[in-house]
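Here are some quick notes for when you open this one up.

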Amino acid sequence: MAKYTHGHHESVLRSHRWRTAENSAGYLLPRLTSGMTLLDVGCGPGTITADLAAAVAPGRVTALETTEEALGLARAEIARRGTGTVDFATGDVHALDFPDDSFDVVHAHQVLQHVGDPVRALREMRRVARPGGVVAVRDSDYAAFTWFPRLPGLDEWLALYQRVARGNGGEPDAGRRLLSWAHAAGFTEVTATSSTWCFADDTDRAWWGGMWAERVLESEMARTAVASGAATRADLERISATWREWAADPDGWLSILHGELICRA
Ligand SMILES: C[S@@+](CC[C@H](N)C(=O)[O-])C[C@H]1O[C@@H](n2cnc3c(N)ncnc32)[C@H](O)[C@@H]1O
């Protein structure tokens, strides 16, 4: 399995916990109806999972993560919300431990960019989806992030992130490649769209910039960057300070592009 670049440090989880089905799976929501069964691959801390569970209730949702430790975060979120229709499983998207045709919908948000073989992952997602069901994936595209002002430290951040993510076996510029991966996996009916997140007011900038200022110093990515020789601690400190500078700038603006697919299984 490719190494998961971000890890599950609090600074990473803060960004994942902000996610809702509305801001992260809007392309899928109109397809969901009460009673459907759904698999959420790489569910992370489970905030999107919980929203999807509400959309398909009383249909059951399975939340899947790579380890019990990671799955514990989703268990806590689902328990906190009192959602009674979610089951939990550990596994690897490359070789899912479910029979063929198990789910109406198989969903993965920001997962394919981290896996070693996204085409195999998509084939596996299709196998466990029932014929005529839906495989839905959404991934950001780092090279398509755009921001103002053009601070050199943020260009450094992007180059470093891409290098570390690829070193871990992933593809950070995944959004633009999703459609090609789905075709290679054998899907013939695919609807490809894109959508963005935008961080531009004081609160959003403080949240996103502050989160990356910390992530670049404390997360698994930071450890890998230093251990692999891709960056020194001083580089990371400089990049972190640049994120804080961007966050404090009232003109600061950042948009994140995501590719998204609805594939007919
Ligand atoms: C960026 S997080 C996204 C979490 C959640 N879907 C969300 O958007 O909030 C990617 C997740 O995929 C999981 N993951 C990485 N490789 C995986 C694999 N081979 N199979 C299943 N999950 C994987 C990671 O553990 C991580 O929690």
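1. On terms: buried means under 20% relative accessible area, exposed over 50%, and partly exposed in between, with a 1.4 Å probe and protein chains only. By that cut-off Cys43 is buried at 9%, and Cys263 is buried at 0%.

2. Still on cysteines, a disulfide is a pair of cysteine sulfur atoms within 2.5 Å. By this rule the count is zero.

3. Some housekeeping: this is a predicted model, where local features need pLDDT of at least 70, side-chain atom pairs count only at pLDDT 80 or more, and totals for chains, interfaces and linings use all residues. Residues are numbered from 1 along each chain as its sequence is written, and side-chain values use heavy atoms, leaving out hydrogens and water.

4. Now the ligand. There are 20 residues around the ligand, and Arg19, Gly42, Glu65, Asp92 and His109 come nearest (near means a heavy atom within 4 Å). By class, this shell has eight nonpolar residues (Ala, Val, Leu, Ile, Met, Phe, Trp, Tyr, Cys and Pro), three charged (Asp, Glu, Lys and Arg) and nine polar (the others, Gly among them).

5. Which side-chain atoms does an oxygen atom of the ligand lie 2.5 Å from? An N or O atom of Glu65. For Arg19, the side-chain N or O atom is 2.7 Å from a ligand oxygen. Taken alone the ligand exposes 600 Å², and the protein buries 98% of that (Shrake-Rupley method, 1.4 Å probe).

Notes: A polar contact is a pair of N or O atoms within 3.5 Å; within protein, one must be able to donate a hydrogen and the other to accept it, and residues adjacent in sequence count only if both atoms are side-chain atoms.
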